[in-house]
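Here's a quick tour of a protein chain, going from the whole fold down to a single residue. Have a look at the structure before reading on.

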Amino acid sequence: MRITTLSEFILDRQHEFPHATGELSRILGAVELAAKVVSREVNKAGLAEDILGAMGNENVQGEQQQKLDVVANELFMNAMKGQGEVAGVASEEDEHYVVFETERARQGKYIVTMDPLDGSSNIDVNVSIGTIFSIYRRVSTGEHLMPEDFLQPGTAQVAAGYVIYGSSTMLVYTTGHGVNGFTLDPSIGTFCLSHPDMKTPEQGKIYSVNEGNYNDFSEGVRAYIDACKERRYSARYIGSLVADFHRNLLKGGIYFYPGTTKAPNGKLRLLYEGNPLAFLVEQAGGLASDGTRRILEIRPEELHQRCPLFIGSKAMVEEVVKA
Ligand code: P6P
């Protein structure tokens, strides 16, 4: 069987991208390179004692920053900076967006939002974790990047994807022409097309939610969880969004992190969790809502804005949103 590498695939599909003069291909190539290096670091984390564990400080989210968080953030930042097509990056790990000051980056037409290592609390217990990213065109025209470059609705994304560092490392992405998945073959250090034109089943029998928060959920969400139990659906919650999302994308299912009385906007971030995964799931035939609105239509007001997230199989998201 002929192997299609990620690089070949990106180039073959470049014609699908309006005004493509190779910039987006180069950015996706940079993501691929950083993903390979992060995969290597994640897969040796158990061996390199200096890479495991927490840094002992907190990130802007007030979360215990794990050493691999920092490594992944630096690797992806450097890969984006090295490209010259990217003018700046908003990362979960940094309070403000980072503007690249190189001559070439100042002409960059794109910005990136990313969660460099989501689910990092699972690193020490060897559970799958992931990187999530979105790519937008810059909208400001002046000399300097502006907040509005990063506060675009998800419908403005030109590309989005994730890397899952699991039993194998996969990169899954879309540029708005379907979703394709590539699996890293470590023996040749190359991502190869393994899941062409991914579509998620309209209905599923898997629900992913932290039921420890059940008593804090709205009546409608509680009623939906009760219905899932009544139907004997499978409860699958890894505590790593990318892993839960990826499994549900392939098998059908719903992941939800609703708002609660204590945290009405839930926990997840719109810019680099909700939007990229919403773009992907819609391209695969699924839905993503905050409970009242399509995720992609929410106009962000701040970089680390949280949003409730209901995402996955179309029929399941429609049902819980109506509940
Ligand atoms: P909880 C990881 O911190 C994360 O952002 C997602 O990857 C994961 O689904 C969720 O939070 C887990 O949060 O509150 O259920 O532990």
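What follows covers the overall build, then the surface and charges, then one tyrosine.

## Overall build

Keep in mind that this is a predicted model. The protein chain has 15 strands along with eight helices. Its radius of gyration comes out at 19 Å, close to the 20 Å that the globule rule gives for 323 residues, so the chain is as compact as a globular protein of that length. Along the principal axes, the C-alpha atoms fill a box of roughly 55 × 45 × 45 Å.

If you look at contacts between residues at least 6 apart in sequence, 64% of them join residues at least 24 apart.

## Surface and charges

Of the 323 residues, 56% are buried. The chain exposes about 14000 Å², and carbon and sulfur atoms supply 50% of that area.

On the charge side, there are 42 negative side chains and 31 positive ones. The centres of these two sets lie 5 Å apart.

## A look at Y165

Y165 sits in strand β7, which covers residues 157-165. Is Y165 buried or exposed? Its relative accessible area is 3%, so it counts as buried, the cut-off being under 20%.

Leaving out residues up to four places away in sequence, Y165 touches A35, V38, S39, V42, F76, L117, S128, I129, G130 and T131. With T131 there is also a polar contact, side chain to side chain, at 2.7 Å. I225 is 60 residues from Y165 along the chain, and their C-alpha atoms are separated by 29 Å.

Conventions:
Residues are numbered from 1 along each chain as its sequence is written. This is a predicted model: local features need pLDDT of at least 70, side-chain atom pairs count only at pLDDT 80 or more; totals for chains, interfaces and linings use all residues. Side-chain values use heavy atoms; hydrogens and water are left out. Helices (H or I, at least four residues) and strands (E, at least two) are DSSP runs, numbered from the N terminus. The radius of gyration is taken over C-alpha atoms; the globule rule is 2.2 Å times the number of residues to the power 0.38. Buried means under 20% relative accessible area, exposed over 50%, partly exposed in between (1.4 Å probe, protein chains only). Contact means heavy atoms within 4.5 Å. Accessible areas come from the Shrake-Rupley method with a 1.4 Å probe; for residues, only the protein chains shown count as cover. Lys and Arg count as positive and Asp and Glu as negative; His and the chain ends are not counted. The place of a charge is taken as NZ of Lys, CZ of Arg, CG of Asp or CD of Glu. A polar contact is a pair of N or O atoms within 3.5 Å; within protein, one must be able to donate a hydrogen and the other to accept it, and residues adjacent in sequence count only if both atoms are side-chain atoms.
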